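Work through the following exercises with the sequence and the structure open beside you, and try each task before you read its solution.

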Amino acid sequence: MTATVHHRTCPLCEATCGLEIEVADGAVRRIRGDRDDVFSHGFICPKGSTLKQLHDDPDRLRRPLVRRDGVHVEVSWEDAFAEVERLLVPLRERHGADSVALYLGNPNAHTIAGAVFGRPLIQALGTKNLYSASTVDQMPRHVSSGFLYGNPGAMPVPDLDRTDYLLMLGADPLESNGSLCTAPDFPGRLAAIRARGGRVVVVDPRRSRSAEAADEHLSIRPGTDALWLCALAHAVLDAGTAGPGSHLDGLVSGLDALPAALAPFSPEAVADHCGIDAGTTRRVAAELADGRRAAVYTRIGTHTAAFGTLSSWAGDVLTLVTGNLDRAGGMMWATPCHGRPPVPGRPPGGRGFRTGRWGSRVSGRPEVRSELPVAVLAEEIETPGEGKVRALVTVAGNPARSTPDSARLERALADLDAMVSVDIYLNETTRHADVILPPPSALEKSHFDFAFYGLSVRNVANWSAPVFPAEGPGEHEILARLALIVAGQGAAADPEVIYGLIGAQLAQQATSQEGGPLAGRDPDELLAEVAHEPVPERFIDLMVRSGPYGDQFGAVPGGLSMERLRAAPHGVDLGPLEPRAAEVLRTTSGTIELDRPEVLDDLRRLAAVLDEEPADGVVLVGRRHLRSNNSWMHNLEVLVKGRPRCTLLVHPEDAERLGLTDGAEAVVRSAVGEVTAPVEVTDRMRPGVVSLPHGWGHDASGTRLEVAARHAGVNSNMLTDGSVLDPLSGNCALNAIPVELAPAP
Ligand SMILES: Nc1nc2c(c(=O)[nH]1)N[C@H]1C(S)=C(S)[C@@H](COP(=O)(O)OP(=O)(O)OC[C@H]3O[C@@H](n4cnc5c(=O)[nH]c(N)nc54)[C@H](O)[C@@H]3O)O[C@H]1N2
Ligand SMILES: Nc1nc2c(c(=O)[nH]1)N[C@H]1C(S)=C(S)[C@@H](COP(=O)(O)OP(=O)(O)OC[C@H]3O[C@@H](n4cnc5c(=O)[nH]c(N)nc54)[C@H](O)[C@@H]3O)O[C@H]1N2
Ligand code: SF4
Ligand SMILES: [Mo]
């Protein structure tokens, strides 16, 4: 049989690499980077080619599972949906909407279903108990954008391809391939900065591979990035060179509040806390402020911290006061092809951003973007009373490994009256589920990067067709049917009902945008034009045709549409990022607001840290490895073979002082739990800091992960403390965890 070649975007991480997939005899023969991809130009990492192994993995679920007498058994799709109805509908009727919680995991950002069909499910559930991986990840970045720009979705990205100076904190893109900054071949783009005479500075308590590839590495004390970034901004203001630049004239307010708000954070005052001397801080500030094109990029190590929102905020403020916000080579906003088109002459601004419209039942943690911190999920399940969580739906998430204090969470999960999971594996989380609904494999679904076109260092659009036909229902259909069941329509209801609602909503939005290119057009006319498209492509067509590059349903000939995307298997390049601050602002003032009271209050909380002596115990931080992906790709032999990756990195001085030896095991104890992990002694660590990756601990009973169980590792979230949150975002502090170490007996 002759081979066929398919082109598809890799859905595994945020880099969105184009893949070339060779198929023969119904099986994948080879996967390599697509050299003609308009964005990735052939780049691929070791995970990209494992879509084959993932597709072929015998442990990957193909049919639904239902738990009978404690054992998961395969059932038909009809029986599985009927079981969901039997479990959830009476429970919801008896105990109310809030009794069913929803947890959305990370892969939702990588699927069309997650982008388009999550909302109908959320609406159908109507629960306050909405949780996601966002509150162990990027929620602080949303909140800082909410307060600064009034728009929590507007997260500026470093303009990697044009910058001459990149200050990067708490990110290790040589392992992660980048996050909240979609840039296939991130390593190559970093090298290019240096090759054109620019400078890359990495701030990390560990000499990561990214730090090694940089011009300079600053080994900061964990959890102190907010202090240090405020000190940089303080130093820039001190030098008297500060200013947002004339391109933001009239678009910035509250500048006057900055000197007082940042006054406590002089480079000298923060030096001992951060472990970075004042001279270095002032030099870096001067480099950022000397007029060159510079970007300040903060990521996971700075966001999953007790002052995560302030770290993100201070990074953006630093960018702003050095004139680098919204200009080429600085921090810029992408223009996603499926977003709202700009309306010429529309004044900037909108309804503003606020949090805390409701609180969590037990500890009153404020809602943020309609979500509660996942760190409170366990207590919401454990604590009796009205509104108690009795059932949980998870979609593409493994909170049993990815959220804090997971021993406690797992006890709570075991206590639920009902649990339904949409997932491809029987793993540490889904083993608690009564019903598991497995979507098709990545190669059996189409792909479109809704989440990442808004975070991209270049504007692109790329739709991929499925490589193989799906055996069961698509993930979008599973989510639609769940929504219908919860809404009381029954397990046999036609998902077209949900498709109709989504279409109507999108057409309505497009035609009701004041001054927009489709304003006043008949929504039904738009729907008729896309009706020939299958679901979910129908919705992509609606969005891109009415988007900033769209054909506006005939008004802009040659504009973007599904038809054009289909004809471009290597993607459509839409050009470099363009300045667009006025378009993204949604603050009530129509300006970038530097004096939000919530932020100023939190700066006072930060300043109070300076009154205390820096703590001198050992703290734990996380890390990532190129051949791993959070908790769920450890069942592929090609990725886990070789040296164990789940090791505790310890600096030689600490090892010696604590009696730990390379290759031996150490007991790591925190306020909430303990694990025993193999020690790797390395001078890559800052003394007093140890590092353990998350997402491991695959030795639990009742899972179906044959390979992962043989490379189990330990679960670092046994140690992270669900009570330490960034108050503004509800994000959990997953780094700078105080721990005690001892050789294992
Ligand atoms: N200590 C510590 N903890 C952390 C972090 C850290 O740095 N340190 N990082 C945090 C971050 S950034 C994140 S994003 C979270 C991730 O947290 P989660 O999203 O909860 O965890 P993942 O490991 O990404 O699990 C993804 C789940 O989706 C399933 N899956 C994979 N593909 C699909 C699909 O196409 N459809 C469906 N329905 N399911 C699929 C997998 O089997 C797995 O169960 O972890 C967080 N936890
Ligand atoms: N290979 C691989 N790629 C991935 C993932 C994966 O699990 N594996 N996960 C994906 C996901 S969901 C995400 S969110 C992204 C995350 O992508 P990144 O943000 O690049 O995350 P990491 O690679 O974990 O790098 C975080 C760095 O922060 C450092 N750090 C820890 N604490 C602190 C601190 O207090 N201050 C500072 N300045 N640094 C600190 C750590 O030592 C580490 O080097 O990666 C994505 N890509
Ligand atoms: S870098 Fe990310 S998107 Fe690219 S091949 Fe690797 S996992 Fe896939
Ligand atoms: Mo993440």
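A residue counts as near a molecule if one of its heavy atoms lies within 4 Å of it, and the domain bounds used here come from an automatic or database domain assignment. The model is predicted.

**Exercise 1.** Describe the shell of residues around ligand 2, and find which domains it draws on.

*Solution.* Begin with the residues themselves: there are 30 around ligand 2, and Ser176, Asp204, Asp225, His625 and Asn630 come nearest. Next, sort the shell by class, which gives 8 nonpolar, 12 polar and 10 charged residues. Then turn to the domains, where domain 3 (139-338 + 581-608) and domain 5 (617-743) each contribute at least three residues to the shell. Finally, look at the helices, among which helix 5 (173-176) and helix 12 (300-303) each supply at least two.

**Exercise 2.** Find backbone atoms that lie within 3.5 Å of an N or O atom of ligand 2.

*Solution.* Start at Gly223, where a backbone N or O atom lies 2.8 Å from an oxygen atom of ligand 2. Go on to Gly301, with a polar backbone atom 3.5 Å from an oxygen atom of the ligand, and then to Leu626, where a polar backbone atom is 3.4 Å from a nitrogen atom of ligand 2.

**Exercise 3.** Is Ala396 buried or exposed?

*Solution.* First locate Ala396 in the loop between strand 15 (391-395) and helix 15 (399-402). Its relative accessibility is 13%, and because buried means under 20%, Ala396 counts as buried.

How values were computed. Residues numbered from 1 in each chain as written. Chains lettered and ligands numbered in written order. Predicted model: local features only at pLDDT ≥ 70, side-chain atom pairs only at ≥ 80, totals over all residues. Heavy atoms only, no water. Polar contact = N/O pair within 3.5 Å; in protein donor to acceptor, adjacent residues only side chain to side chain. Helix = DSSP H or I, 4+ residues; strand = E, 2+ residues; numbered from the N terminus. Nonpolar A, V, L, I, M, F, W, Y, C, P; charged D, E, K, R; others polar. Buried < 20%, exposed > 50% of the residue type's maximum accessible area, 1.4 Å probe, protein only.
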